[in-house]
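Let's go through what each one rests on.

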Amino acid sequence: MSNIKNLKFNFDISSYRLLGRELITDRITALFEIVKNSYDANSENVSVKFFDVNTLSNKSRIVIEDDGSGMDLFDLENKWMVIGTMSKRETRRSPAPYNRRVVGKKGVGRFAVDKLGAKVILKTTMKGSTIRHCLETDWTKYEQIESKQLQLSFDDSKFQYFTDIENKYWEETVEKKTHGTSIEIYNITDPWVEKDIRKATTELSKLISPIETFDYPFNIYVSSNEYKELNDVLVQNNSIGFATLEVEIDFDLRRKKQQRLFFNEQTNNLDIIESDYDDDSMGPVKMRLFYFDQNDKRKFNKSYSGAIIDGVKIYRDGLITTPFAEYALERDKERDILGIDKRRYSGFFDKISSRDLLGFIEITDKNNPLILESTNRQDFVDNKQYRELRTFIIDQIKELEKKISAQKTEEREETKSKLKIAHNDLQKTSAIIRAIRKIATPEVKEKLTQVTSNVREIEVQIKRGISDYNELEKEQIKQRNLFLSLMSLQDYASEISHVVRTSISNISDSAKFFTVYYPDEKYNNHYLKHADHIGVEMNKLSSAIDFMLSYAKSNVGFTEIDLRATISDLFNKTYRDRFIKNDIHYTVEMKDSFVFTHNLKFFEDIFENLIGNSLKALKSIKGKKHIKCSGNLNGDMYEIYFSDNGVGVPKRIQNKIFNIYFTTTESEGGAGMGLYIVKTRINAMKGSVELIENEFKPTGTTFKICLPLKVIKDEI
Amino acid sequence: MKSDVDVVVIHDDIKEHSLIITNLKELYNNVKLIDDPEEGLNFVINHLTRKTIVILDIDFGNGLNGYDVLEKIREHSFLVEVIILSAQDLPGTSLLDKIHQLFGLEAFDYIVRGKVGYDDLLIESVNRAKNKIKNNIASAIDEWVIENNEDKDKPIYFSSEGEAFSLNDISNEVRNQTEIGKDFAEKLNSLTIDLLLRGKEKL
């Protein structure tokens with residue numbers, strides 16, 4: 001050790017420490033950041049060593065050592081010791097020949113180190129140098145000052161806010177070959193049990209792509225002198241076993257072909273097909289996807305303690321890209337960067353969540369130069385190429401979903417048919433026994449009686465099994481339907497908020513009209529209209545709220561509905577009196593029927609609104625008034641035609657009649673909700689409704705409603 | 001004095017007696033409200049010889065939307081100023097998502113309806129658009145014709161095919177953004193600069 005001198009930090013200790021706590025919330029993040037710094041310093045190997053950290057003593061220490069480019073005294077004073085420096089990273093690349101894209105956060109390394117322990121000895125040697133610069137910072141000395149500063153009342157003018165933090169500095173001589181930085185941390189903050197270290201190892205492994213290898217190696221080693229099997233372990237991102245389904249796609253640079261997934265409905269296979277890509281496209285990518293069902297998730301969790309299935313991540317040239325590089329302590333705080341989970345709102349059941357999926361997308365600087373991380377490190381630059389990549393990823397997941405969905409159906413059918421086979425086999429067995437009985441001796445007969453009763457017992461059980469299975473299936477359909485309507489509720493909620501806002505804005509416009517133009521004779525007529533208008537808008541608000549309430553009240557009642565019986569009842573019982581009163585002749589001709597599970601009120605809403613509209617449209621018609629509802633099966637669709645011979649829908653507004661708040665009967669209290677409700681209710685059943693050419697001439701209206709049998713009847 | 005610039009409001013959720021229309025009518029002589037996008041578009045295209053500011057909604061239901069209308073207007077002219085007035089952003093249809101659709105279409109302004117004070121913003125925007133229109137070449141020619149009616153039929157420009165154009169003709173060519181009109185505007189500007197530079201004229 002040569003002559004020791006002092007290097008000084010000068011700053012407010014308490015804010016420095018607070019800042020650090022803010023930036024580095026936990027020790028795994030801290031380790032993560034330090035290792036990222038090593039990568040940025042062109043290290044090929046970095047080792048994280050734990051010594052006696054289970055029970056903390058003065059022997060406890062953590063050493064992080066790399067063979068990177070190291071620092072000279074200038075770097076040490078101007079980069080390492082400067083807090084939150086902006087100058088730390090001017091370039092986004094590490095020096096050649098590595099040219100690594102910088103992943104560490106600016107000026108955060110220091111704080112990361114302090115998170116792990118209070119005393120730090122940093123030793124660093126630049127490549128080609130024989131001088132090892134050593135710097136010791138001991139925060140324990142300043143803890144008292146810090147606590148004082150924290151208690152400080154700010155009008156205390158005597159207090160010194162800034163403190164000289166003395167850092168012991170010395171130089172050592174080393175061989176020319178060694179270079180890199182080592183950080184020895186003492187006075188460890190928290191004990192590390194085996195699980196903590198394993199967890200850290202898992203997190204560190206995420207830095208590295210399991211697909212692509214580096215141009216220049218980057219190996220992370222973890223070791224501990226206390227825990228077995230943690231002896232210079234090479235950290236690898238290999239916790240990808242036990243997947244239920246695993247796919248890998250690649251590309252061919254020479255032929256400019258990108259592989260992609262394609263679910264073949266004929267063969268039920270997930271095929272890999274090829275497509276061309278352009279020069280200004282996102283560029284070719286490699287991708288591995290691992291899907292885990294509940295069972296395999298359990299196995300996964302058991303085998304890789306601490307590892308979690310956490311969605312799809314993008315790696316560049318073997319290292320994780322910055323938006324994914326942040327370690328999130330709480331799962332809920334993890335961001336859905338690629339929008340995989342957002343997608344699930346629009347269809348709950350067949351969609352994979354990022355918690356069922358591990359995925360690795362490999363891009364490279366050379367092939368995908370236009371996929372760029374944004375400077376805030378939270379996302380990618382939103383350009384055509386990135387959007388293309390995101391769509392590509394989602395598309396692959398969609399194909400995977402199709403495969404999984406098909407697989408599930410297959411398995412279900414298989415279980416069902418196995419149960420049936422077992423049942424048949426048993427019946428055959430019974431028959432054989434009966435045959436033997438006829439020719440058997442009394443002793444055998446007695447035995448056989450016992451066997452027969454056993455067989456019967458089993459038969460009953462299998463029967464029960466089959467019926468339970470069918471019940472379960474039905475129950476699942478119910479739940480699925482419930483969820484379907486709840487999920488679409490999200491869309492409605494946003495639309496309803498939109499219309500409520502519009503109404504409020506209209507009302508406030510009218511109010512402002514009075515403020516600005518009252519009193520003025522020439523606007524007398526306008527005042528009346530605005531007063532009216534406010535009334536109308538209030539009406540709309542009220543029916544929008546009724547609509548929301550209908551959802552609030554309707555969560556429970558999912559029942560089996562017989563389509564034909566229900567529609568017939570509506571006409572022949574519920575609305576009969578109104579038809580007669582209004583002198584309307586009605587016809588109901590439902591040819592086929594089917595039974596489905598749905599909320600009865602929701603289903604009736606459709607017809608209530610259609611009939612309500614017809615009544616309005618028929619009001620001014622002279623001569624015979626008709627309402628007709630007919631229906632029949634057509635393939636796997638049930639088609640319903642609903643017609644009247646009222647005034648009809650003028651051509652120019654035909655394309656907006658289903659819009660929320662669109663109304664032509666405002667003066668009669670129409671709020672523009674009726675056909676909107678019809679549309680949303682039918683959409684919730686995965687059906688469709690459209691206005692077609694009127695059946696009745698010369699005027700009238702005909703709606704065609706299609707309900708898919710498949711979805712609402714037997715698909716789970 | 002009220003302005004003679006036409007204001008065409010193409011919007012299906014604004015009423016004739018509304019605050020917006022009343023505000024506009026206080027300042028502009030010709031305010032026309034059209035609730036159908038197709039009809040509105042035809043009106044604008046058939047009145048290209050007028051000075052026009054269009055206030056345009058985006059969401060008209062399932063048919064033509066505001067962007068289509070703007071695009072179609074731009075196929076005919078860039079001299080019509082278009083202010084987009086659309087309701088509060090729906091999720092997924094926010095201005096940011098739409099902005100790329102507006103590239104190259106030269107919308108004059110984008111105002112979110114229902115925001116506090118949007119009515120004042122709209123009037124300010126319309127007034128600014130009016131000033132912009134006042135400053136363009138076609139308007140300058142019109143002003144000239146109004147003050148010097150005897151000049152309106154004098155030929156002042158000959159195309160490369162030798163066709164003669166009066167002031168009135170050329171004003172129409174400019175408003176309709178024909179090749180001749182664009183060519184004339186370009187040459188007129190260079191001529192003015194040239195005259196000023198050589199000290200032949202003073203402004």
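Q: What makes the crossing of α2(B) and α3(B) right-handed or left-handed?
A: The crossing of α2(B) and α3(B) is right-handed, a label given when the near helix is turned clockwise from the far one, and left-handed if anticlockwise by less than a right angle. This is a predicted model, where local features need pLDDT of at least 70, side-chain atom pairs count only at pLDDT 80 or more, and totals for chains, interfaces and linings use all residues. Residues are numbered from 1 along each chain as its sequence is written, chains are lettered from A in the order written, and side-chain values use heavy atoms, leaving out hydrogens and water.

Q: Why are α2(B) and α3(B) called roughly parallel?
A: Helix α2 (residues 37-46) and helix α3 (residues 66-76) of chain B pack at about 15 degrees, axes 10 Å apart. Angles under 35 degrees count as roughly parallel, so this pair gets that label.

Q: Which residues make the contact of α2(B) with α3(B)?
A: With contact meaning heavy atoms within 4.5 Å, α2(B) brings B:Pro37, B:Leu41, B:Val44 and B:Ile45, while α3(B) brings B:Val69, B:Lys72, B:Ile73 and B:His76.

Q: How do you know that A:Lys522 and B:Glu26 meet in a salt bridge?
A: The rule asks for a side-chain nitrogen of Lys or Arg within 4 Å of a carboxyl oxygen of Asp or Glu. Here N to O is 3.2 Å, so the pair qualifies. Between chain B and chain A the count is four salt bridges.

Conventions: Axes fitted to C-alpha atoms, helices over the stretch in contact; angles between N-to-C directions. Helix = DSSP H or I, 4+ residues; strand = E, 2+ residues; numbered from the N terminus. Parallel < 35°, antiparallel > 145°, perpendicular 65-115°, else oblique.
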